[in-house]
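Take a look first, then read on.

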Amino acid sequence: MSEMMNHRCMYCTFVYDPSFGDPEIGIPENTSFDDLPEDWICPECGANKDDFKPMAKI
Ligand SMILES: [Zn+2]
């Protein structure tokens with residue numbers, strides 16, 4: 001079971017929020033970061049998934 005955590009790009013300020021998904025490329029709401037396709041890239045700067053870090057919820 002994957003956690004629904006926000007993930008932040010290391011190279012820009014983009015944050016992937018699972019509750020929004022990535023509608024521009026057809027990723028539905030409530031898609032966890034782990035469930036994104038392996039070839040998903042940062043919509044802002046093109047960094048790949050390995051360049052994202054989980055953000056602790058405060
Ligand atoms: Zn980025």
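## A loop and a sheet

Asn30 counts as exposed because it has 11 C-beta neighbours inside 10 Å, and a residue is called exposed at 12 or fewer. Bear in mind that this is a predicted model. Asn30 sits in the loop between strand 2 and strand 3. Its backbone is worth a glance too: Asn30 has a positive phi of about 65 degrees, although it is not a glycine.

Ile27 is found in the loop between strand 2 and strand 3 as well. Ile27 has 17 other C-beta atoms within 10 Å, so it comes out as partly exposed. Here are the two loop residues side by side.

| Residue | Other C-beta atoms within 10 Å | Class |
|---|---|---|
| Ile27 | 17 | partly exposed |
| Asn30 | 11 | exposed |

What does Ile27 touch, not counting residues up to four places away in sequence? The list is Gly21, Asp22 and Leu36. Tyr11 is another story: 16 residues from Ile27 along the chain, with 22 Å between the two C-alpha atoms.

Three strands make up an open sheet in the order 2-1-3, with antiparallel pairing. Strand 2 (15–16) and strand 3 (52–54) are the edge strands, each pairing on one side only. Strand 1 (residues 7–9) runs antiparallel to strand 3, and three bridges join them.

Definitions and conventions. Residues numbered from 1 in each chain as written. Predicted model: local features only at pLDDT ≥ 70, side-chain atom pairs only at ≥ 80, totals over all residues. Pairing = 2+ DSSP bridges. Helix = DSSP H or I, 4+ residues; strand = E, 2+ residues; numbered from the N terminus. Buried ≥ 20, exposed ≤ 12 C-beta atoms within 10 Å, placed from the backbone. Contact = placed C-beta atoms within 7 Å.
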